[in-house]
Amino acid sequence: MTSEQTTPATAAASGPRTLPPFRADHVGSLLRPAALKRAREEHGAGRIDADELRAAEDEAVREVVALQREAGLRGATDGEFRRQSWHMDFIYSLGGINKIQDGNLRVKFHNADGDIEWAPPSAHVDERVRLDRTIFADAFAFLRDTVADGITPKLTIPSPSMVHYRGGRAAIDESVYPDMDAFWTDLTDAYAAQVRGVYDLGCRYLQLDDTSLAYLNDPEQRRHVAEIGGDPEHQHETYIANINRAIAGRPDDMRITTHMCRGNFASSWVASGGYDFVAEALFGGLDVDGFFLEYDDERSGGFEPLRFVPKGKQVVLGLVTSKRPELESKDALKRRIEEASRYVDADQLCLSPQCGFSSTLEGNNLTIDDQLAKLRLIVETAEEVWGGA
């Protein structure tokens, strides 16, 4: 540890953070309550209308905001309760992109009991990409008006990379985009307009969720990229450059973070591997204010890649798993924070779950009470490590 670094034991002098990401934070999605799941099923079956579903969503969001306040968090999301999945609802809302439900795309998830093969809907770019309206505007406005004073509302959206990663060039009509540079220009322009739109609604904490930058650490995923015609050695650099283009015009008082994980569906994952392959380009080159990083088990590798994180950027250590109900040891969390502080100053560190609790409406295999206990543990541990409330 260098002489200018602090350890968690001495970091308390720096106190809590007043700007996001906060010392105790969370990724975004939260477990859907049973009443909301029932309402969604009833709406799908045509037994309740859109207004009745919206009323059920509103009530569920009020309750989950109260849960986050009860846990002691300084930021709050709407749990992504109005979405089917963390990313596809947004992607399908971009102009020029259509939903493809053909079952040809199969994703293999892994868990302690074996493998799950899932055939999610995919997307195809059939026209020029554009932003017809600010996506999730009504959802964010409701969250903004629901949080109490002193709580910062956070909006989560998928990063531009997610529009490209799953299908690659084959998912983009060559008659529309014979030149991929034009595709990236249109896509990043649409994202820049989205950033301006949510800022005008009062959003000061925006998170870009990105599995691709974590997936590319896995040699199996790089092989997949090569198979679909991509450039596995440099694709992460393309993604970083285009995320930067998308957020280049953000206002000075808007904080933007990114979250990276290796897949999260029903307590299962897709990829493995430390951050080493992307670390230098990612941490040194991505123009965000903070990185939410999955670090709940050995699949995420060690903390050594954090040496590339420059001063002025926060690292939110995802040490608490959202995939299992067992509660982590507070002492073990503190030891891991101290270990991470060997590579990046402890004052640049924060604590969170490793991923969302419900990246899709199904949710992970734990209860809402388990979820609350984990959020409280994060808040208590952060207070003991960095001080403040």
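Which residues does Arg204 touch, not counting residues up to four places away in sequence?

## Around Arg204

In this predicted model, the answer is Tyr199, Asp253, Met254 and Arg255. Arg204 sits in the loop between α6 and β8, the strand that covers 205-209. The C-alpha atoms of Arg204 and Asp252 are 9.6 Å from each other, though 48 residues separate the two along the chain.

Is Arg204 buried, exposed or something in between? Its relative accessible area is 28%, so it counts as partly exposed, given that buried means under 20% and exposed means over 50%.

## The chain as a whole

Stepping back, the protein chain has 12 helices and 12 strands. It runs to 389 residues, and 56% of them are buried. Take the contacts between residues at least 6 apart in sequence: 80% of these link residues at least 24 apart.

Now for β10, which spans residues 290-294. All of it is tucked away: 5 of the 5 residues are buried, so the strand is largely enclosed by the rest of the structure. In a regular strand, side chains alternate between the two faces of the sheet. Here Gly290, Phe292 and Glu294 are on one side, with Phe291 and Leu293 on the other, and all of these residues are buried. Both faces of β10 are therefore covered, with buried meaning under 20% relative accessible area.

β10 has parallel pairings with β9 and β11. Strand β9 (residues 255-260) joins it through 4 bridges, and Thr258 has Phe291 as its bridge partner in β10. With strand β11 (residues 314-320), the parallel pairing runs over 5 bridges. There, Phe292 stands opposite Val316.

## Nonpolar cores

The largest nonpolar core takes in 95 residues. Leu94, Phe183, Leu206, Leu282, Leu293, Leu306 and Leu317 have the most contacts inside it. Helix α6 (residues 180-200) is the biggest giver to this core, supplying 9 residues. Apart from it there is another core, made up of 6 residues, among them Phe22, Tyr205, Val316 and Cys350.

What does Leu282 touch, leaving aside residues up to four places away in sequence? Its contacts are Leu213, Ile240, Met260 and Phe291.

## A pocket and a cavity

The second largest pocket holds about 420 Å³ of space. It is lined by 17 residues, and Arg54, Arg82, Phe136, Asp138 and Ala139 are the closest to its centre. Helices α1 (34-44), α2 (50-71), α3 (88-93) and α4 each give two or more residues to the lining. Of these, α2 gives the most, with 4 residues.

There are also 2 cavities of 30 Å³ or more in the structure. At least two lining residues come from each of α4 (137-146) and β7 (155-158), and α4 gives the most, with 3 residues.

Technical notes
Residues are numbered from 1 along each chain as its sequence is written. This is a predicted model: local features need pLDDT of at least 70, side-chain atom pairs count only at pLDDT 80 or more; totals for chains, interfaces and linings use all residues. Side-chain values use heavy atoms; hydrogens and water are left out. Buried means under 20% relative accessible area, exposed over 50%, partly exposed in between (1.4 Å probe, protein chains only). Contact means heavy atoms within 4.5 Å. Two strands pair if DSSP finds at least two bridges between them. A nonpolar core is a set of buried Ala, Val, Leu, Ile, Met, Phe, Trp, Tyr and Cys residues joined through side-chain atoms within 4.5 Å. On a 1 Å grid over the protein atoms alone, a cavity is a set of points where a 1.4 Å probe fits but cannot get out, and a pocket is an open set with protein on both sides within 12 Å along at least five of seven lines; lining residues have an atom within 4 Å of a point. Grid points are joined across faces, edges and corners, and a volume is the space filled by probe spheres set on the points.
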